[in-house]
Amino acid sequence: MTGHEFKAFGRNVGAICLGTMNFGDTMDERTSFSVMDEFFQMGGNFIDTARVYGAFGPAGEGASEKVIGKWIKSRGVRNDIILATKGAHPPLNDMHSGRLDRKSIESDLNKSLDALGIGAIDLYWLHRDDESRDVLEILETLNGFVKQGLIRAFAASNWKASRLEKAAMEAEKNGLMGFCANQPMWSLAKNTLIEDDTLVQMDKETYAWHAKRRVACVPYTSQAKGFFIKLDKLGVEGLNEKVKKRYYNEHNLAIAGALGEICEKEGLSVASACVMYLTSQRDFDVYPIVGFSSVEQAKALKEASSKLLSDEAMQRLMKLSGLAREE
């Protein structure tokens, strides 16, 4: 699996990041282990999880972290994996209640270390922002955990471009380590129905910030819940109501038409091309988070980790997506 050198770690990181939201919950341990085995065998070394994963069901929070920790120990691959987890998620019953105070972050961090069974986390994400809290205070807290050896680097998830820039400026001004990456919602499709307004979708301002700062992007929902894949194979009838409400719009239908032509011309599957739109970005490094529910799906996407879309295809898709940079 090809990739880029992730500056925060000084080592090459595979082009695709494995998403593990359902591990230990709707995906049992045996299947989770099989998926991680396949991902590792195809050259993947970047795994993303979160403290809150599992809290939405009977498994309880930390379910994904526990399964990943058991797999890492059983396979003896800790030094071969870039392991990322997210913390400081708001209470599920009040998504606007910030948890970026030191006590809350430290509590989640310690629970994650315990669940994963490791001494330090490679990349620690703040799962949500709290715009009422000063970014310098947040950075000082995270830098403290780096000095303690509990985390090696940290990053932001669901932060707006203005807050990311403020954090970058404060880090530079105060000689602190800053965010080494950002994790927004981003796929080839535009979501026009986001029920949770604490989620941040990639937009032109955020794209420009990444291009300016050359900060890595690790987007979630990178396949838009399989929208283009299902539309291509099954038509509109194959879309469930939730996916249809979020993604079935004129903007995405125009992209679907172009995507079909690009796949035919370049000999690609729709599944691969959707991920390659992200891994083929030219302005900054992108490591899309891709979740697999089976070993077969992992194999099908191997193509996306070793090829890039042509310049012509990227220019066309970027223009249609509304993210093309102005000349």
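1. Basis. The model is predicted, so local features require pLDDT of at least 70 and side-chain atom pairs pLDDT 80 or more, while totals for chains, interfaces and linings use all residues. Residues are numbered from 1 along each chain as its sequence is written, and side-chain values use heavy atoms, with hydrogens and water left out.

2. Strands β6 and β7. Helices (H or I, at least four residues) and strands (E, at least two) are DSSP runs numbered from the N terminus. Strand β6 (residues 121-126) runs parallel to β7, and five bridges join them; strands count as paired if DSSP finds at least two bridges between them. Ile-121 has Ile-151 in β7 as its bridge partner. Between β6 and β7 the chain passes through helix α4 (residues 135-147), in a right-handed β-α-β crossover. Right-handed here means that, with the strands pointing away from the viewer, the path from the first strand over the helix to the second runs clockwise.

3. Strands β7 and β8. These two strands also pair in the parallel sense, over two bridges, and Ser-157 is partnered by Gln-183 in β8. The path from β7 to β8 leads through α5, and this β-α-β crossover is right-handed. Strand β7 (residues 151-157) is largely enclosed by the rest of the structure, because six of its seven residues are buried. Buried denotes under 20% relative accessible area, exposed over 50% and partly exposed the range in between (1.4 Å probe, protein chains only).

4. Nonpolar cores. A nonpolar core is a set of buried Ala, Val, Leu, Ile, Met, Phe, Trp, Tyr and Cys residues joined through side-chain atoms within 4.5 Å. The largest one has 85 residues, and Leu-142, Trp-159, Phe-179, Trp-186 and Tyr-277 have the most contacts inside it. Helix α10 (residues 270-279) gives the most to this core, namely eight residues. A second, separate core of 19 residues includes Val-13, Ile-82, Tyr-287 and Ile-289.

5. Leu-142. Neighbours within four places in sequence aside, Leu-142 is in contact (heavy atoms within 4.5 Å) with Ile-105, Tyr-124, Leu-126, Ile-151, Phe-154 and Phe-179.

6. Aromatic pairs. The structure holds twelve aromatic pairs. Rings of Phe, Tyr and Trp (its six-membered ring) pair if their centres lie within 6.5 Å; planes under 30 degrees apart are stacked, over 60 edge-to-face and the rest tilted. Phe-40 and Trp-71 form an edge-to-face pair, with 6.2 Å centre to centre and 75 degrees between the planes. Phe-40 belongs to helix α1 (residues 29-41) and Trp-71 to helix α2 (residues 63-75), 31 residues apart. Phe-40 is partly exposed at 30% relative accessibility, whereas Trp-71 is buried at 1%.

7. Trp-186 and Tyr-277. This pair is edge-to-face as well, at 6.1 Å centre to centre and 80 degrees between the planes. Because Trp-186 lies in the loop between β8 (181-183) and α6 (204-213) and Tyr-277 in helix α10, the pair ties together parts that are 91 residues apart in sequence. Both residues are buried. Ring pairs link Trp-186, Tyr-207, Tyr-277 and Phe-284 into a cluster.

8. Arg-163. This residue of helix α5 (residues 161-174) counts as buried, at 8% relative accessibility. Arg-163 lies over the face of Trp-159, 5.0 Å from the ring centre; the criterion is NZ of Lys or CZ of Arg within 6 Å of the ring centre and within 35 degrees of the ring normal. Residues up to four places away in sequence not counted, Arg-163 touches Asp-129, Asp-130, Glu-131, Arg-133, Val-135 and Ile-138.
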